Amino acid sequence: MTCWLFKSEPDVFGIDDLAAQPGQTDHWDGVRNYQARNFMRDRMKKGDLGFFYHSNTKEPGIVGIVEIAREGYPDHTAFDPEDPHYDPKSDPDNPRWIMVDVKLVRKLARTITLTELKELADRPELAEFPLVRKGNRLSVMPVTEEQWEFILGLE
């Protein structure tokens with residue numbers, strides 16, 4: 001099983017929004033970075049787990065765990081001119097952008113903050129963790145099993 005981290009701004013779509021969806025499941029749309037898209041298209045598998053991360057907030061951090069409920073399929077928001085994620089170059093017959101469905105597994109007992117993770121970045125378990133490296137702005141990123149276990153141990 002591969003693990004992931006999904007970033008979302010809580011005022012756009014937060015963990016409480018996911019919890020309020022039918023079956024606590026929704027599509028993860030709007031990814032407009034090719035590397036993140038490739039992860040979703042080529043590597044994510046049903047049953048993989050991911051951290052739900054609140055970004056662009058007073059205290060960014062990991063707030064929950066999700067599971068991939070449906071593997072990659074065309075992101076329909078790219079075809080809708082009224083949607084903020086519209087991409088006029090994306091074609092339904094040859095879609096450029098992909099999304100997956102995620103299901104809430106659980107909220108964490110506490111937020112594991114970015115500050116806390118950065119303070120531990122010199123630990124071998126987090127040395128290669130993309131979230132704590134300078135310049136990494138991917139909205140979807142892989143998490144190794146060692147990183148996953150270490151981070152969950154912080155809870």
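Start at Gln-24, in the loop between helix H2, residues 15-20, and strand S2. This is a predicted model, so take every value as computed from it. The phi of Gln-24 is near 50°, which is positive, and the residue is not a glycine. Most residues other than glycine have a negative phi.

Asn-56 gives us another case. The phi of Asn-56 is also positive, near 50°, in a residue other than glycine. Look for Asn-56 in the loop between S3 and S4. Asn-56 is exposed, with a relative accessible area of 62%. The cut-off for exposed is over 50%.

Next, charges. Side chains of opposite charge can pair when their charged atoms come close. How many salt bridges does the structure hold? Eight. I'll show some of them.

Take Arg-32 and Asp-75. Their side chains meet in a salt bridge, at 3.0 Å from N to O. What does the pair tie together? Arg-32 sits in the loop between S2 and helix H3, residues 34-43, while Asp-75 sits in the loop between S4 and S5, so the bridge joins parts that are 43 residues apart in sequence. Now the exposure of each partner. Arg-32 is partly exposed, with a relative accessible area of 27%. Asp-75 is buried, at 0%. Buried here means under 20%, so Asp-75 qualifies.

Then Glu-155 and Arg-106. They form a salt bridge, with the closest N and O atoms 2.8 Å apart. This pair also links distant parts of the chain: Glu-155 is in the segment after H5, Arg-106 is in strand S5, and they are 49 residues apart. Glu-155 is partly exposed at 29% relative accessibility. Arg-106 is partly exposed too, with a relative accessible area of 33%.

One more pair. Arg-41 forms a salt bridge with Asp-42, and the closest N and O atoms are 2.7 Å apart. Arg-41 counts as partly exposed at 41% relative accessibility. Asp-42 counts as partly exposed at 42%.

Now helix H5, residues 145-154. Which of its residues are buried? Gln-147, Trp-148, Phe-150, Ile-151 and Leu-154.

Last topic, the pocket. Rolling a probe the size of a water molecule over the atoms shows where empty space is left. The largest pocket has a volume of about 920 Å³. It is lined by 30 residues. Nearest its centre lie Lys-7, Ser-8, Glu-9, Ser-55 and Ser-139. Which elements each supply at least two lining residues? Strand S1 at 3-8, helix H1 at 10-13, strand S2 at 25-28 and helix H4 at 114-119. The largest share, three residues, comes from S2.

What is the lining made of, by class? Eleven residues are nonpolar, ten are polar and nine are charged.

Methods
Residues are numbered from 1 along each chain as its sequence is written. This is a predicted model: local features need pLDDT of at least 70, side-chain atom pairs count only at pLDDT 80 or more; totals for chains, interfaces and linings use all residues. Side-chain values use heavy atoms; hydrogens and water are left out. On a 1 Å grid over the protein atoms alone, a cavity is a set of points where a 1.4 Å probe fits but cannot get out, and a pocket is an open set with protein on both sides within 12 Å along at least five of seven lines; lining residues have an atom within 4 Å of a point. Grid points are joined across faces, edges and corners, and a volume is the space filled by probe spheres set on the points. Helices (H or I, at least four residues) and strands (E, at least two) are DSSP runs, numbered from the N terminus. Ala, Val, Leu, Ile, Met, Phe, Trp, Tyr, Cys and Pro count as nonpolar, Asp, Glu, Lys and Arg as charged, and the others, Gly among them, as polar. Buried means under 20% relative accessible area, exposed over 50%, partly exposed in between (1.4 Å probe, protein chains only). A salt bridge is a side-chain nitrogen of Lys or Arg within 4 Å of a carboxyl oxygen of Asp or Glu.
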